[in-house]
Amino acid sequence: ASQESCEARGCCWSPVSDVAVQRSSNSTLSDPDMSTPWCFYPEDYGYTMGDVTTRANGFTATLTKSAPASPYGDDIKTLLLNVTFETAERLRVRITDPAATRYEVPIDMPIVPGTPP
């Protein structure tokens, strides 16, 4: 990505610094590549969580789209987040559009008492 294309998408640009280039010569495979400029979304990009309702086995929350609009097309302004702790090893996360129904693949999932439909 170039700085121009990055900023045209509403992203933040962080160029390579001399310190990063010097550090990258001493890097290992586990270190991030500090010799490549970064193109990333600003902190206020995405959704904010509100109206959290706690349940015995999880929680629900409303996700509201923050500005700016995404470069990927029509953003859904409000989403519903439903998190269920089904077992000690299984977490179920569902993000849906409360204003529109959608097709969901009918997969048999074990029924956990107290799980919302």
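## Ground rules

Buried means under 20% relative accessible area, exposed means over 50%, and partly exposed is whatever falls in between, using a 1.4 Å probe and protein chains only. This is a predicted model, so local features need pLDDT of at least 70 and side-chain atom pairs count only at pLDDT 80 or more, while totals for chains, interfaces and linings use all residues. Residues are numbered from 1 along each chain as its sequence is written, and side-chain values use heavy atoms, with hydrogens and water left out.

## The bonded pair

There's one disulfide in the structure, the term being a pair of cysteine sulfur atoms within 2.5 Å. Its partners are Cys6 and Cys39, with sulfur atoms 2.2 Å apart. Cys6 sits in helix α1 (residues 3–8) and Cys39 in strand β2 (residues 38–40), so the bond ties together parts 33 residues apart in sequence. Both element types are DSSP runs numbered from the N terminus: helices are H or I with at least four residues, strands E with at least two.

As for handedness, the S-S torsion comes out at about 100 degrees, so this disulfide is right-handed. Cys6 is buried, at 0% relative accessible area, whereas Cys39 is partly exposed, at 28%.

Cys11 is in no disulfide; the nearest cysteine sulfur belongs to Cys39, 4.2 Å away. Cys11 is buried, with a relative accessible area of 11%.

What about Cys12? Its closest cysteine sulfur is in Cys11, 7.3 Å away, which is too far for a bond. Cys12 is partly exposed, at 27% relative accessible area.
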